[in-house]
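Hello,

The structure you asked about is below. My notes on it follow.

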Amino acid sequence: LLAETGAPQIGTVVIGTVKGDIHDIGKNLVAMMMEGAGFKVVHLGINNAAEKFLNAVKEHDPDIVGMSALLTTTMPYMDVVIKALKEAGLRDKVIVLVGGAPLNEAFAEEIEADAYCRDAAIAVETAKKLMAIKRSKAAAN
């Protein structure tokens, strides 16, 4: 129903739960809210290795990469994905949003994510705000 609101498409999001983690309720809520807000969402599902995120970025050329983790043991894998994006020369092309119950702002900053989103509504709000900044930078260039 959210996706049928007719909102104009404002960007593309690749979203998935990181390797070692099989939790997806929060990620699915974020994906649904993003779709309702006008984002095209590419769902990677659960337990995603860095290569799967990289391949999705190469294939879909998203504006945003969203990563989720519910386990403290899988949180560090988000850093692995960000480092892989850097090594592939793709990090500067995407906004990286991270979320999940054990995460916080300090963790997001430490791994050099663009933002930590504590819930689905904040994820959408943050995505829209960062997309506006990205668009204004692109227009200025």
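Contact here means heavy atoms within 4.5 Å. Helices (H or I, at least four residues) and strands (E, at least two) are DSSP runs, numbered from the N terminus. Buried means under 20% relative accessible area, exposed over 50%, and partly exposed in between, with a 1.4 Å probe and protein chains only.

This is a predicted model, in which local features need pLDDT of at least 70 and side-chain atom pairs count only at pLDDT 80 or more, while totals for chains, interfaces and linings use all residues. Residues are numbered from 1 along each chain as its sequence is written, and side-chain values use heavy atoms, with hydrogens and water left out.

Helix α1

The buried residues of α1 pack against β1, β2, β3, β4 and α5 (120–140). Those buried residues are Lys27, Val30, Ala31, Met34 and Gly36. After α1 comes Gly38, with a positive phi near 105 degrees.

Pocket

A pocket is an open set of points on a 1 Å grid over the protein atoms alone, with protein on both sides within 12 Å along at least five of seven lines; lining residues have an atom within 4 Å of a point. Grid points are joined across faces, edges and corners, and the volume is the space filled by probe spheres set on the points. The largest pocket holds about 390 Å³. Its lining has 26 residues, and Gly26, Lys27, Val30, Ser68 and Gly100 are the closest to its centre. α1 supplies the largest share of this lining, six residues.

Cores

A nonpolar core is a set of buried Ala, Val, Leu, Ile, Met, Phe, Trp, Tyr and Cys residues joined through side-chain atoms within 4.5 Å. The largest has 30 residues, of which Phe53, Met67, Met78, Leu85, Val96, Val98 and Leu103 touch the most other members. α3 (76–87) is among the elements that each supply at least two residues; α3 gives the most, six. Apart from this core lies another, of 20 residues, including Ala31 and Cys117.

Asn48

Asn48 lies in strand β2 and counts as buried because its relative accessibility is 1%. Its side chain reaches the backbone oxygen of Gly45 at 2.9 Å. Not counting residues up to four places away in sequence, Asn48 touches Gly16, Thr17, Val18, Lys19, Phe53 and Tyr77.

Regards

How values were computed. Polar contact = N/O pair within 3.5 Å; in protein donor to acceptor, adjacent residues only side chain to side chain. 1 Å grid on protein atoms, 1.4 Å probe; cavity = no way out; pocket = protein on both sides within 12 Å on 5 of 7 lines; lining within 4 Å.
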